[in-house]
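Visitor: Hi! Could you walk me through this one?
Guide: Happy to, here it is.

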Protein chains: 2
Amino acid sequence: MTSTLDATVTGTHVPPSPARALVCRGCGAEYPLIAQHACYECFGPLEVGYDSAALARVTRAQIEAGPKSIWRYAALLPAGQDPATRVTLDPGLTPLVAAPALAAELGVRGQLWVKDDSANPTHSFKDRVVSAALTAARGLGFSRFACASTGNLANSVAAHAARAGVPSIVFIPGDLEPGKIITTAVYGGDLVAIDGSYDDVNRLCSELVETDEFEDTAFVNVNVRPYYAEGSKTLGYEVAEQLGWRIPEQVVIPMASGELLTKIDKAFSELVEIGLVEAPANGWRVFGAQSAGCNPIADALHRGVEEITPVKPTGIAKSLNIGDPAAGLYALEAVRRTGGWMDYASDDEIRDGIRQLARTTGIFAETAGGVTVAVLRKLVESGKLDPDAETVVYNTGEGLKTLDAVAAQVGPTYRIKPSLRGAKEAGLLR
Amino acid sequence: MTSTLDATVTGTHVPPSPARALVCRGCGAEYPLIAQHACYECFGPLEVGYDSAALARVTRAQIEAGPKSIWRYAALLPAGQDPATRVTLDPGLTPLVAAPALAAELGVRGQLWVKDDSANPTHSFKDRVVSAALTAARGLGFSRFACASTGNLANSVAAHAARAGVPSIVFIPGDLEPGKIITTAVYGGDLVAIDGSYDDVNRLCSELVETDEFEDTAFVNVNVRPYYAEGSKTLGYEVAEQLGWRIPEQVVIPMASGELLTKIDKAFSELVEIGLVEAPANGWRVFGAQSAGCNPIADALHRGVEEITPVKPTGIAKSLNIGDPAAGLYALEAVRRTGGWMDYASDDEIRDGIRQLARTTGIFAETAGGVTVAVLRKLVESGKLDPDAETVVYNTGEGLKTLDAVAAQVGPTYRIKPSLRGAKEAGLLR
């Protein structure tokens with residue numbers, strides 16, 4: 001697996017990838033665009049570095065004329081410039097929904113928006129990163145697709161592989177929500193349930209990727225992780241474009257590995273650097289949300305320390321249950337640099353968050369969305385978030401995947417016999 | 001409730017509604033655009049009649065410049081021309097997905113497409129009809145939204161009401177899938193579970209709508225049904241537009257009341273009449289799909305009779321379980337007129353259809369989608385459907401809502417300990 005991403009450019013008149021190299025986030029060492037995720041020098045994580053002149057040539061008009069998916073931003077992504085090379089369900093351009101009733105309940109006076117990524121093809125933001133990763137992976141010559149997942153990623157990898165007609169093997173903790181297990185298994189790829197936590201699953205995948213038997217296999221969040229992570233930038237680009245090419249003053253983002261938060265921040269920075277938007281007068285502030293059952297990043301911020309102490313996750317927000325978050329330090333850095341904050345929510349607060357979002361916006365979020373809304377409320381109450389500034393909260397997944405979270409709280413308000421008399425007796429005719 | 005739909009036109013420079021009158025499908029009697037669904041003369045169902053000159057003024061360019069939702073076709077719908085009057089989650093413009101692997105498995109040599117309406121905001125085609133109905137209902141002065149539902153409609157009405165901040169009350173059979181109950185209840189409106197079938201629920205709603213206590217209430221599929229049904233036309237318009245303004249030679253459509261099928265056919269006819277597309281050389285053929293547990297329309301076709309004998313529905317395809325289908329005769333007429341056919345699938349065939357669609361396209365459909373794929377297969381095998389012609393099959397809902405249907409069939413393919421040794425013992429390293 002040593003071919004570079006140039007191999008993905010197969011068509012004619014296709015703009016080249018703006019990606020230049022893999023760059024270590026720790027020491028700055030550079031590597032070619034191959035399947036590698038850690039620095040040989042310092043073991044730091046690698047990320048995609050771009051040719052800034054290539055990025056600077058991108059225009060609003062070019063983007064606006066593109067497809068109604070993440071691929072409108074192909075000129076800002078590492079692979080997929082040629083549509084024929086894409087491995088994709090065409091995710092993205094999900095709704096940015098005004099939430100005035102939610103704002104009123106929370107005492108937010110500025111404009112409040114929900115970026116609803118449950119509208120993606122497999123109903124989570126993971127479709128973005130999987131499309132980015134698998135498109136790069138195919139260009140690099142991989143012939144099987146894999147991942148370690150807390151559920152949403154498994155759904156997305158299995159569905160992408162089915163659409164592309166490529167074998168897949170996905171690894172999940174054995175105790176996942178039934179919704180996420182069935183929704184992965186139905187696509188017919190291999191599904192490996194592991195007797196352990198997500199962190200155990202992730203560790204095993206890091207070992208498997210080194211074996212001969214898995215040499216043909218792209219693990220989206222292991223060996224092709226740098227390409228994968230770039231897909232999250234589209235959640236920043238889209239919000240800016242949907243606001244009429246403006247960056248909101250505040251964003252509230254759920255954190256598992258912490259990578260989503262860093263990439264949305266990176267997307268805003270890129271847009272300003274290449275001149276597509278102006279930064280808000282006082283910059284933007286990035287806020288992170290975790291659950292109380294898995295809060296290692298927020299805890300480090302609250303304690304004012306520079307390292308993250310891994311935890312053993314508990315609680316209902318399983319899609320966020322990464323106890324040893326790979327990008328935690330970078331998320332801390334982004335929040336501190338922008339003047340944001342982090343907080344975390346209990347399981348009861350998460351359930352209330354899900355119901356409050358549904359009742360006020362018509363959006364039914366999975367537990368991760370409940371975390372974000374519950375933390376938004378806490379940030380307003382604690383004064384950390386400015387209630388007069390414009391705020392975007394990210395809902396990254398679909399309530400149908402975590403029905404158990406609210407199954408005991410909601411249900412029919414009446415049960416009646418099928419007659420007018422039944423309706424009368426229940427008090428419906430008053 | 002006697003105000004007409006003109007009341008919905010509140011803005012300036014807003015084109016008027018092209019709707020002209022309610023017209024009886026039975027005797028042709030005409031009524032003003034009020035909340036009425038049956039003819040006073042012959043008790044036949046009413047549908048919206050249009051000013052044909054107004055329709056003829058609509059252009060492709062006008063539509064293509066519109067919003068990325070059903071509202072791009074506002075000039076062909078009864079209400080919602082003024083965006084400020086819409087009660088909507090902005091559904092529509094869902095993906096039309098090429099399905100070459102499914103075609104190959106089925107022996108279809110013509111182009112095969114899946115219109116995937118699970119991509120709508122509450123993940124079924126019902127968002128289209130609810131947006132159409134509630135927008136009309138608000139214009140008619142109603143202040144509470146209601147429906148009788150087999151599940152998807154309940155989800156959609158409750159979510160629309162939450163977004164709009166309007167009270168809702170929805171009526172469902174008590175034995176619905178848990179996914180559909182929770183996904184309705186979470187929005188916080190009233191939810192009435194009825195000890196009976198959908199047909200019982202529907203009958204009760206027809207009685208409630210006549211009571212003083214429900215005078216302020218729009219039942220989307222009862223008193224404002226003519227407006228509601230028109231929303232389904234957008235599933236015909238979109239397919240034609242997405243094919244580059246062409247009508248496919250064959251369409252396969254699931255049937256509950258039968259209305260969706262008749263409205264897709266109506267949409268194609270309108271597009272030809274107003275000159276936006278040319279009909280295929282040999283016209284288009286409309287195929288209907290039911291489950292074996294509820295097949296009154298297909299059964300009438302197979303028996304060659306002119307009336308539909310109601311049945312007591314059974315089987316897993318609950319969203320299609322309407323035993324006394326309101327538009328069944330009109331669906332029969334459309335299928336006979338266009339030279340199509342109808343068939344029905346057993347529960348096992350439905351499960352196979354769900355899995356086959358997921359495996360070959362990456363689309364996870366609810367049971368109704370499994371019905372359609374299973375019937376597609378039967379139509380090919382029986383020679384009723386031309387395997388060399390272009391075909392579009394409609395998936396109207398999301399697999400996450402009917403997980404129980406496949407829960408016993410799919411699951412992890414391996415369960416292992418979190419170690420390389422565990423992976424080896426399971427045979428993953430071969």
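Guide: Two strands pair if DSSP finds at least two bridges between them, and strands (E, at least two residues) and helices (H or I, at least four) are DSSP runs numbered from the N terminus. This is a predicted model, where local features need pLDDT of at least 70, side-chain atom pairs count only at pLDDT 80 or more, and totals for chains, interfaces and linings use all residues. Residues are numbered from 1 along each chain as its sequence is written, chains are lettered from A and ligands numbered from 1 in the order in which they are written, and side-chain values use heavy atoms, with hydrogens and water left out.

Visitor: Thanks! Which residue is the bridge partner of A:Val114 in strand 13 of chain A?
Guide: That is A:Val393. Strand 5 (residues 112-116) and strand 13 (residues 391-395) of chain A run parallel and are joined by five bridges.

Visitor: What is the order of the strands in the open sheet of chain A?
Guide: The six strands go 4-5-13-10-11-12, with mixed pairing. Strand 4 (96-98) and strand 12 (342-345) of chain A each have a single partner strand, so one side of each has no neighbour in the sheet. On average, neighbouring strands are turned by 25° against each other, direction ignored.

Visitor: And which strands does helix 10 of chain A lie across?
Guide: Helix 10 (residues 259-273) lies across strand 10 (250-254), strand 11 (285-291) and strand 13 of chain A, at about 150° to strand 10. Axes here are lines fitted to C-alpha atoms, for helices over the stretch in contact (heavy atoms within 4.5 Å), and angles run from 0 to 180 degrees between N-to-C directions.

Visitor: Switching topic: how many residues does each chain put into the contact?
Guide: Chain A gives 61 residues and chain B gives 61 residues. On the chain A side, 34 are nonpolar (Ala, Val, Leu, Ile, Met, Phe, Trp, Tyr, Cys and Pro), 14 charged (Asp, Glu, Lys and Arg) and 13 polar (the others, Gly among them).

Visitor: How much area do chain A and chain B bury between them?
Guide: About 5200 Å², 69% of it on carbon and sulfur atoms. Buried area is the accessible area (1.4 Å probe) that two parts lose on being put together, summed over both.

Visitor: How many salt bridges are there between chain A and chain B?
Guide: Two, counting a side-chain nitrogen of Lys or Arg within 4 Å of a carboxyl oxygen of Asp or Glu. In one of them, A:Lys417 meets B:Asp195, with the closest N and O atoms 3.8 Å apart.

Visitor: What joins strand 14 of chain A to strand 8 of chain B?
Guide: Three bridges link strand 14 (residues 414-416) of chain A to strand 8 (residues 190-194) of chain B, and the two run parallel. A:Arg415 has B:Ala193 as its bridge partner.
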